[in-house]
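These are my notebook entries on a structure that I went through site by site. I begin with the metal and end with the charged pairs.

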Amino acid sequence: MSICDRLRRGVTTASAGETQALARELAAVLPPDIVLALHGTLGVGKTTFVQGLAQGFGVTEPVTSPTFNLLSLHRGGVRLLAHLDAYRLDDGAQVESLMIDDFLVSPWCLAVEWPEKIAAWVPADAWHLDLGIAADGRHTLRRR
Ligand SMILES: Nc1ncnc2c1ncn2[C@@H]1O[C@H](COP(=O)(O)OP(=O)(O)OP(=O)(O)O)[C@@H](O)[C@H]1O
Ligand SMILES: [Mg+2]
């Protein structure tokens, strides 16, 4: 089954490495110039997933939690990865002030943690992934 079909059905991972491998696979098939909205609570694996995306895009520098940065840009050999943590943003005006559009050079992927904080700003063609943790402690990922 393709990675897209698997994500539609819902995938379970038993380690951070497995989540990254999944993200690496997705990175290879994502449409160009896409916003990826990563939903899920604290510690569910959003940043871990973005690390896998980065590997897939050929980013060599480390990807960390952008909580104190808001926005990090990583230029990979395959495409530009923009990583936004919206946790501390309240509304569209704040995200507009980051002028993200000005930094996005095609082909790009903008991965957003806490997208519900800026729901009105997230474009209609964004892909939404729900991350969670199952009762057995494994992590779950599903595309809406
Ligand atoms: N199957 C798994 N998938 C992803 N992460 C896992 C898994 N199993 C264990 N982990 C661990 O869970 C933690 C997930 O942390 P991560 O920073 O990615 O979460 P986050 O959703 O970005 O949190 P925050 O909301 O604080 O930004 C990491 O320490 C990772 O190693
Ligand atoms: Mg995070």
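**Entry 1. Metal site**

I looked up the magnesium ion (ligand 2) and found that Thr-47 (OG1) and Glu-113 (OE) coordinate it, at 2.1 to 2.2 Å. Thr-47 belongs to helix H3 (residues 46-56) and Glu-113 to strand S5 (residues 108-113), so the pair ties together parts that are 66 residues apart in sequence. I note here that this is a predicted model.

Thr-47 has a relative accessibility of 16% and counts as buried, because the cut-off for buried is under 20%. Glu-113, at 4%, also counts as buried.

**Entry 2. A partner of the metal ligand**

I followed Glu-113 to its side-chain contacts. The side chain of His-83 makes a polar contact with the side chain of Glu-113, at 2.7 Å. I located His-83 in strand S4 (residues 80-85). Its relative accessible area is 0%, and I recorded His-83 as buried.

**Entry 3. Ligand 1**

Which residues come nearest to ligand 1? I found 16 residues around ligand 1, of which Thr-13, Thr-19, Lys-46, Thr-47 and Thr-48 come nearest.

I next listed polar atom pairs. The side chain of Thr-19 has an N or O atom 2.6 Å from a nitrogen atom of ligand 1. For Glu-113, an N or O atom of the side chain is 3.0 Å from an oxygen atom of ligand 1. Trp-114 places a polar side-chain atom 3.4 Å from an oxygen atom of the ligand. Taken alone, ligand 1 exposes 640 Å², and the protein buries 70% of that.

I also asked which elements give two or more residues to the shell around ligand 1. They are helix H2 (16-27) and H3. H3 gives the most, with three residues.

**Entry 4. Backbone geometry**

Ser-106 and Pro-107 are joined by a cis peptide bond, with omega about -5°. I placed Pro-107 in the loop between helix H5 (100-103) and S5.

Asp-33 has a phi near 55°, a positive value in a residue other than glycine. I found Asp-33 in the loop between H2 and strand S2 (34-39). With a relative accessible area of 29%, Asp-33 is partly exposed.

Met-99 is not a glycine either, and its phi is positive at about 50°. I located Met-99 in the loop between helix H4 (92-97) and H5.

**Entry 5. Nonpolar surface**

I met Met-99 again when I turned to the surface. Leu-73, Met-99 and Phe-103 form a nonpolar patch there, with about 270 Å² of accessible area together. Leu-73 sits in strand S3 (residues 71-75) and counts as partly exposed at 35% relative accessibility. Met-99 is also partly exposed, at 48%.

**Entry 6. Charged pairs**

How many salt bridges does the structure hold? I counted three, and I took them in turn.

Glu-25 forms a salt bridge with Arg-6, and the closest N and O atoms are 3.1 Å apart. Glu-25 lies in helix H2 and Arg-6 in helix H1 (residues 3-9), so this pair ties together parts that are 19 residues apart in sequence. I noted Glu-25 as partly exposed, at a relative accessible area of 38%. Arg-6 counts as partly exposed too, at 26%.

Asp-130 forms a salt bridge with Arg-144, with the closest N and O atoms 2.9 Å apart. This pair links distant parts of the chain, with Asp-130 in strand S6 (residues 127-133) and Arg-144 in the segment after strand S7 (139-143), 14 residues apart. I recorded Asp-130 as partly exposed, with a relative accessible area of 28%.

The side chains of Arg-138 and Asp-136 meet in another salt bridge, at 3.1 Å from N to O. Arg-138 counts as partly exposed, at 38% relative accessibility. Asp-136 reaches 54% and counts as exposed, because the cut-off for exposed is over 50%.

Note on methods. Residues are numbered from 1 along each chain as its sequence is written. Chains are lettered from A and ligands numbered from 1 in the order in which they are written. This is a predicted model: local features need pLDDT of at least 70, side-chain atom pairs count only at pLDDT 80 or more; totals for chains, interfaces and linings use all residues. Side-chain values use heavy atoms; hydrogens and water are left out. Donors are N, O and S atoms within 2.8 Å of the metal (3.2 Å for Na, K and Ca); water is not among the atoms, so sites may look incomplete. Helices (H or I, at least four residues) and strands (E, at least two) are DSSP runs, numbered from the N terminus. Buried means under 20% relative accessible area, exposed over 50%, partly exposed in between (1.4 Å probe, protein chains only). Patches are made of residues with over 30% relative accessible area and no salt bridge: like charges are joined within 9 Å, nonpolar side chains (Val, Leu, Ile, Met, Phe, Trp, Tyr) within 5 Å. Accessible areas come from the Shrake-Rupley method with a 1.4 Å probe; for residues, only the protein chains shown count as cover. A salt bridge is a side-chain nitrogen of Lys or Arg within 4 Å of a carboxyl oxygen of Asp or Glu. A residue is near a molecule or strand if one of its heavy atoms lies within 4 Å of it. A polar contact is a pair of N or O atoms within 3.5 Å; within protein, one must be able to donate a hydrogen and the other to accept it, and residues adjacent in sequence count only if both atoms are side-chain atoms.
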